[in-house]
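Visitor: I have a structure to look over, and I would like to ask a few things about its surface and its confidence. Could you walk me through it?

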Amino acid sequence: MKPRKTMPNSFGFSDEVWATLTPREKQRLREQRYRDKLRQEPEAYTELRRREYRRQAEYRAENREVRNAKHADYKRRNAEAMKVYDREYQRRRTARKQMQRSPERIYRDIIALLPRGLPTHMRDDVVGSVCLQVLEGRVRHDRMADAVRDALKQHNRMFDHFKTISLDAPVAGSDDMTLLDKLASVK
């Protein structure tokens with residue numbers, strides 16, 4: 001007897017695989033399909049997002065006391081972790097304020113962290129990438145030195161002209177002449 005060939009269902013799963021999924025996973029797939037369908041219609045998708053935000057806001061308002069009690073309990077049990085989090089938050093907040101007040105100062109600080117002998121084109125690339133990271137909030141002001149170091153390494157990897165070259169590599173602009181041939185001809 002031949003095994004029965006099963007066709008995938010509308011979600012692309014065979015009956016055997018679909019049977020192993022939990023109800024939560026199936027519901028998630030249905031919701032994803034619904035969202036994908038709505039994305040094709042921007043107005044309907046915007047309305048869906050508004051309803052979801054409204055529902056979340058209502059839930060937060062109804063359960064504010066419970067959520068606050070859970071948060072207070074967590075803060076009490078993890079006092080040291082919360083102090084570290086608060087310090088990091090204050091540093092991030094300070095860095096954001098500095099960037100909003102004076103982007104030129106951030107630019108000057110980045111330039112001050114770069115080596116003086118760096119060519120202008122490299123300096124501009126590194127400063128631009130670090131400035132972008134600071135503006136996106138991925139790097140804080142107090143951690144810019146590490147970001148500059150990483151950006152410089154990344155730039156050197158991308159535009160390294162001093163790579164090891166094989167002696168069997170062809171010489172640019174010549175017909176099948178290798179570096180070994182060129183070295184052998186020099187006497």
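Visitor: Which residues form a nonpolar patch on the surface?
Guide: Keep in mind that this is a predicted model. The patch has about 280 Å² of accessible area together. The residues that make it up are L167, L180 and L183.

Visitor: Which residues form a positive surface patch, and in which helix does R93 lie?
Guide: The patch is formed by R93, R96, K97 and R101. R93 has a relative accessible area of 34%, so R93 is partly exposed. As for its helix, R93 belongs to α5 (residues 79-101).

Visitor: How far apart in space are G128 and A151, C-alpha to C-alpha?
Guide: G128 is part of helix α7 (residues 120-136), and G128 is partly exposed at 36% relative accessible area. In sequence, G128 and A151 are 23 residues apart. In space, their C-alpha to C-alpha distance is 9.6 Å.

Visitor: Among the elements of the chain, which has the highest mean pLDDT?
Guide: For the chain, the mean pLDDT is 84, and 93% of its residues reach 70 or more. Among the elements, α9 has the lowest mean, 81. The highest mean, 92, belongs to helix α4 (residues 64-77).

How values were computed
Residues numbered from 1 in each chain as written. Predicted model: local features only at pLDDT ≥ 70, side-chain atom pairs only at ≥ 80, totals over all residues. Heavy atoms only, no water. Patch = residues over 30% accessible without salt bridge, like charges linked within 9 Å, V, L, I, M, F, W, Y side chains within 5 Å. Areas by Shrake-Rupley, 256 points an atom, 1.4 Å probe, with all protein chains shown as cover. Salt bridge = Lys/Arg side-chain N within 4 Å of Asp/Glu carboxyl O. Helix = DSSP H or I, 4+ residues; strand = E, 2+ residues; numbered from the N terminus. Buried < 20%, exposed > 50% of the residue type's maximum accessible area, 1.4 Å probe, protein only. pLDDT = per-residue confidence, 0-100. Lys, Arg positive; Asp, Glu negative; His and termini not counted. Charge placed at Lys NZ, Arg CZ, Asp CG, Glu CD.
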